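Please open the model in your viewer and have the selection tool ready. The tour moves through a few selections and states what is found at each.

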Amino acid sequence: MGCQSENSIIKPGVSWNLAQNRKAIISDVRYKLKFDIPKDKIKPIAVEEFIDFKLSDLTNDVVLDFRQRADYIHSVTIKNKPVQYKVENQHIVIDASYFSKGQNSIFISFRAGDMSLNRNEEFLYTLFVPDRASTAIPCFDQPNLKARYSLTLIVPTDWTAIANGPIQSEKIINDKREIVFGETRPVSTYIFAFTAGKFKRVTQEISGRKMTMLHRETDLEKVARNKNEIFELHSRALSWMEKYTGIDYPYQKFDFALIPGFQYGGMEHPGAIFYKDVSLFLDLSATKNQYLSRAGLISHETAHMWFGDLVTMNWFDDVWTKEVFAGFMGSKIVNPSFPEVNHELRFLNNYSSAYTVDRSLGANEIRQPLDNLNMAGTLYGSIIYSKAPVVMKQLELLVGEKTFQKGMQIYLSNYAYENATWPDLIKILDNLSKEDLTAWSKVWVDEPDRPIVEYELLIDQDTLIQQLILKQSDPKKKKRIWMQHLKVRFGYDNDDLLFPVYLKSEEVKILEASGLRKPNYILPNGAGVGYGYFKMDSRSRSYLLENLPKINDSYLRGVIWLNLWDEMLYGNIKPIDMINLCIRALKTENDILNTQRILSRLNSTFWNFLSENQRAAKANQLESILRLHLNEATTVTNRSMYFRSLRSITITDNGYDWLKSIWMKNDSIKGLTLSERDYITIASELALRGKKDSQQILDSQLNQISNPDRKSRFKFIMASLSNDLDVRDNFFELIKKEENREVEPWVQSAVAYLHHPLRSKNSEKYILPSLELLEEIQRTGDIFFPARFINATLSGHQSANAKNIVNQFLKDHPNYTPALKLKILQAADNLFRASIIKD
Ligand SMILES: [Zn+2]
């Protein structure tokens with residue numbers, strides 16, 4: 001009962017304390033839910049709910065989570081008698097005296113919260129990850145209180161539905177359709193799901209497995225073109241997973257729904273995966289990359305049925321485990337079907353994206369502490385999605401593929417339908433391997449940052465190597481050791497030499513190197529797998545800056561690009577030299593993945609690290625070179641890459657006129673059909689150049705847009721592009737209000753335009769109020785939005801003044817939310833570096 005110690009657990013959200021207390025005394029949870037869903041999306045949804053569970057201790061009150069107003073609850077009864085309850089801090093608290101040890105049952109009649117029910121005119125769907133089941137229904141909203149759900153939906157007669165469980169019966173009663181679903185296997189609240197509405201149902205059976213797809217696509221040809229492959233991909237992924245894990249598909253049935261406007265690519269609800277429709281229904285003009293992404297997405301979500309759904313993290317601090325395994329299995333399933341793609345080279349994208357965080361002052365660990373589920377959204381980011389896959393690949397290399405697979409099988413069968421922590425898995429692998437994985441995991445998973453790896457070279461008479469020592473150091477001087485297997489590369493004109501090194505201490509001497517001829521360059525991560533800042537000696541650096549385009553192996557070129565980019569950011573390569581290298585490299589590069597990387601480096605160096613004068617001096621040459629590549633490109637993908645790059649960096653008058661003539665359709669690009677979205681982007685870029693005709697271009701673009709969604713978007717962001725500072729000031733005031741931030745992708749684009757490098761002097765004044773807004777944005781926005789908002793705010797700035805504003809803000813707020821502080825420091829990394837990197 002309401003004693004002191006217990007008050008502390010009734011905070012808003014689900015605190016770790018509350019979750020721990022409940023896990024200790026509550027078990028065998030079953031929800032029986034009946035939703036009465038009216039046709040009109042404004043009308044309330046009435047729900048009747050039985051919560052059955054076992055209770056082993058009666059010391060404390062029973063606390064349910066429900067993030068709605070008290071008047072949403074119509075009644076709470078136990079054994080048919082109404083009970084007294086309190087509604088406080090997003091919880092329903094029921095006095096312990098109503099309960100007995102053992103089996104208990106609560107009945108609640110209430111109005112469902114709409115926030116995560118995504119109600120549209122003709123359909124609705126749940127999306128409860130990470131802690132939003134409790135916005136809709138009263139429940140124990142924590143991943144380790146898995147429950148069985150019996151769901152009944154009452155919907156308009158022309159609606160259909162899917163949910164986690166199989167449909168048991170369906171009938172029409174009083175002009176409504178009642179759909180009863182059978183009881184599910186144990187499932188966490190965040191993946192309990194249903195969707196209902198006017199959908200078309202398509203069912204196929206492949207190798208004895210029946211699957212149903214729900215969709216709303218009206219283009220029947222598009223459906224016909226895509227559907228067989230969509231079913232095939234699911235079927236193949238399921239069979240692959242069964243074979244790899246040794247465990248049959250763990251749920252009663254397998255369906256999926258393709259939903260317009262779905263927030264993510266896909267969400268892994270057991271037996272009822274939800275996808276964004278456009279990620280599976282591909283257009284005729286789809287690129288190879290889109291086919292690869294679709295196959296990857298389907299395999300990723302399917303792999304989650306085992307990794308994440310069957311075995312679930314105990315708490316969201318381990319959310320990365322399910323993501324990394326789904327990604328890992330996804331690649332294993334899909335890559336062999338796309339032999340023309342250099343998958344190793346593609347994997348390097350993970351390094352590049354993880355490094356943007358790990359080299360910043362806001363580096364976070366893979367496994368981050370989490371006190372309350374209402375902060376779970378801040379855990380997502382490049383470290384989870386990009387560093388974790390690198391670390392997992394290293395783990396597999398460390399223990400071997402067979403042992404790794406065996407460990408996974410034990411993990412899945414030991415914890416089936418339950419929860420596990422990362423240490424639980426490491427313990428299993430540790431028992432199977434001779435490596436000390438617990439120590440390994442401590443630095444790679446529980447610590448932020450990356451090692452600095454460099455070497456000490458002694459050379460005899462300027463030609464022969466006397467001694468080579470590989471060294472690692474801790475950027476924060478805490479003496480942490482990042483154990484990893486490396487292959488040190490000696491680059492010669494012809495055959496390179498590779499020396500395997502297990503760098504498990506501060507220094508390792510490479511004995512085989514003694515007596516060898518001095519190479520052109522030395523690369524400590526010569527096989528690419530290593531993770532860290534691999535600092536070059538000045539000779540290797542100059543050699544590669546000059547000769548990188550001549551290196552034959554495209555994967556190796558990709559690795560060297562990573563290293564050189566680091567060297568520029570640490571001030572060892574001048575931005576203008578980086579630009580010149582990009583220009584030379586584009587001439588000969590023949591792998592599209594590298595071309596893409598080079599263009600993105602070019603772009604970032606141009607806008608973030610060149611001074612205004614340098615940009616002006618370089619612009620003519622750059623624009624004409626990109627124009628040349630654009631004209632010579634032989635594929636749609638190449639043309640489109642060069643054009644996008646060009647429209648972003650164009651600043652000369654000539655370039656402007658050309659871009660405008662494309663926009664006015666007086667000119668065109670041979671072999672590239674521009675879409676409405678392209679024209680909108682061109683108009684926006686033109687307007688940013690601040691010429692006399694800028695407002696005219698914006699107005700006329702708005703008039704030309706035919707698609708209603710795109711029109712409302714453009715109407716919204718137009719003000720952020722205006723040449724008139726007052727208009728931009730007013731727009732900034734507008735988005736300070738929550739109701740004007742409803743469509744977050746629009747806000748993100750507009751904020752990036754407000755702070756575009758061409759406007760950065762005038763937009764410095766928005767930085768401080770934006771920082772002050774961030775905590776509110778975290779409370780009101782979707783999980784990815786705070787980081788995206790602050791990135792958009794800081795990405796266009798490089799002045800000392802902008803840097804001081806950020807630093808002063810952090811100084812003035814010493815007790816600022818730690819997770820958000822990291823996001824600010826991550827977003828500020830280029831800004832902080834820009835003033836250090838001298839031309
Ligand atoms: Zn996932």
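Begin by selecting N594 and E589, whose side chains are joined by a polar contact of 3.4 Å. Please bear in mind that this is a predicted model. N594 belongs to helix α16, which covers residues 592–609, and is buried, with a relative accessible area of 1%. Beyond its neighbours within four places in sequence, N594 is in contact with L345, S554, R557, G558 and E589.

Next, select helix α23, residues 725–735. Colour R728, F731, F732 and I735, which are buried. Viewed down the axis of α23, these buried residues fall within an arc of 100 degrees, so they line one face of the helix. They pack against α22 (708–721), α24 (744–754), α25 (760–763) and α26 (767–780). Turn to the other side of α23 to find D726 and N730, which are exposed. At the N-terminal end, α23 is capped by D724, with a side-chain oxygen 2.9 Å from the backbone nitrogen of D726.

The remaining stops concern backbone geometry. Most residues other than glycine have a negative phi, and most peptide bonds are trans.

- Select Q90, in the loop between β6 (85–88) and β7 (91–94). Its phi is positive, about 70 degrees, and Q90 is partly exposed at 32% relative accessibility.
- Select D449, in the loop between α12 (437–444) and β22 (452–460). Its phi is positive, near 80 degrees, and D449 is buried at 3% relative accessibility.
- Select V129 and P130, which are joined by a cis peptide bond with omega of about -5 degrees. P130 lies in the loop between β9 (123–125) and α3 (133–136).

Technical notes: Residues are numbered from 1 along each chain as its sequence is written. Side-chain values use heavy atoms; hydrogens and water are left out. Buried means under 20% relative accessible area, exposed over 50%, partly exposed in between (1.4 Å probe, protein chains only). Helices (H or I, at least four residues) and strands (E, at least two) are DSSP runs, numbered from the N terminus. The arc is that of the directions from the helix axis to the C-beta atoms. Contact means heavy atoms within 4.5 Å. A polar contact is a pair of N or O atoms within 3.5 Å; within protein, one must be able to donate a hydrogen and the other to accept it, and residues adjacent in sequence count only if both atoms are side-chain atoms.
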